Amino acid sequence: MAVAPIEVPTVFAGFADFWEPFLTGQGPAPGCVAALDPASRDRLRDALGGTVPTRPDGSVAFTARAWAVRGRRPDRVGGAGAEPGEAGPSR
């Protein structure tokens, strides 16, 4: 099995550009934010606004990371090592 990070520089024009996707409710983090009452959502926005790294031009830069995994699983019919589409031993 092999595991490797996939990293992509992600730059937002400013904090509002960063924050806006959290209000859509699409995905785990935005879903949690959308479930908050308005006052809690405002407190979270204000706390994040004071902690995210902001460049001198006001932009916000992060590195987005996903993990790539490569491996092989045993063929459920043919036993270990069979490639997808290969027939395993007959029963």
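This is a predicted model: local features need pLDDT of at least 70, side-chain atom pairs count only at pLDDT 80 or more; totals for chains, interfaces and linings use all residues.

Visitor: Why is the pair of R65 and E7 called a salt bridge?

Guide: The closest N and O atoms of R65 and E7 are 2.7 Å apart, and a side-chain nitrogen of Lys or Arg has to lie within 4 Å of a carboxyl oxygen of Asp or Glu, so the pair of R65 and E7 qualifies as a salt bridge. This pair links distant parts of the chain, with R65 in strand β2 and E7 in strand β1, 58 residues apart.

Visitor: What makes E7 partly exposed?

Guide: The relative accessible area of E7 is 44%, and the class of partly exposed residues lies between the 20% below which a residue is buried and the 50% above which it is exposed, so E7 belongs in that class.

Visitor: Which residues are linked in a network of salt bridges?

Guide: The network links D42, R45 and D46. In the salt bridge between D42 and R45 the closest N and O atoms are 3.1 Å apart, while in the one between D46 and R45 they are 3.2 Å apart; because the limit is 4 Å, both pairs count. D42 and R45 both lie in helix α3, where they are 3 residues apart, about one turn of the helix. Relative accessibility is 34% for D42 and 30% for R45, so each of these two residues is described as partly exposed.

Visitor: What makes F12 and F18 an aromatic pair, and how do you know that it is edge-to-face?

Guide: The structure holds 6 aromatic pairs. In the one formed by F12 and F18, the rings are 5.4 Å apart from centre to centre, with 80 degrees between the planes. Ring centres must lie within 6.5 Å to pair, and planes over 60 degrees apart count as edge-to-face, so both parts of the name apply to F12 and F18.

Visitor: How do you know that F12 and F18 are buried?

Guide: F12 has a relative accessible area of 18%, and F18 has one of 12%; since buried means under 20%, both residues meet the condition.

Visitor: Is S59 buried or exposed, and how do you know?

Guide: S59, which is found in the loop between α3 and β2, has a relative accessibility of 5%, and because the limit for buried is under 20%, S59 counts as buried. Leaving aside residues up to four places away in sequence, S59 touches V11, F12, A13, G14, P53 and T54.

Visitor: What makes T51 exposed?

Guide: T51 has a relative accessible area of 59%, and exposed means over 50%, so the word applies to T51. T51 is found in the loop between α3 (38-49) and β2 (60-70), and its side chain reaches the backbone oxygen of A47 at 3.3 Å.

Visitor: Which residues make the nonpolar surface patch?

Guide: M1, V3, W67 and V69 make this patch of about 530 Å². V3, found in strand β1 (residues 2-12), is exposed because its relative accessible area of 52% is over 50%.

Visitor: How do the elements of the protein run from the N terminus on?

Guide: The order is β-α-α-α-β, with 3 helices and 2 strands in the protein. Of its 91 residues, 13% count as buried.

Notes: Residues are numbered from 1 along each chain as its sequence is written. Side-chain values use heavy atoms; hydrogens and water are left out. Rings of Phe, Tyr and Trp (its six-membered ring) pair if their centres lie within 6.5 Å; planes under 30 degrees apart count as stacked, over 60 as edge-to-face and the rest as tilted. Buried means under 20% relative accessible area, exposed over 50%, partly exposed in between (1.4 Å probe, protein chains only). Patches are made of residues with over 30% relative accessible area and no salt bridge: like charges are joined within 9 Å, nonpolar side chains (Val, Leu, Ile, Met, Phe, Trp, Tyr) within 5 Å. Accessible areas come from the Shrake-Rupley method with a 1.4 Å probe; for residues, only the protein chains shown count as cover. Helices (H or I, at least four residues) and strands (E, at least two) are DSSP runs, numbered from the N terminus. A polar contact is a pair of N or O atoms within 3.5 Å; within protein, one must be able to donate a hydrogen and the other to accept it, and residues adjacent in sequence count only if both atoms are side-chain atoms. Contact means heavy atoms within 4.5 Å.
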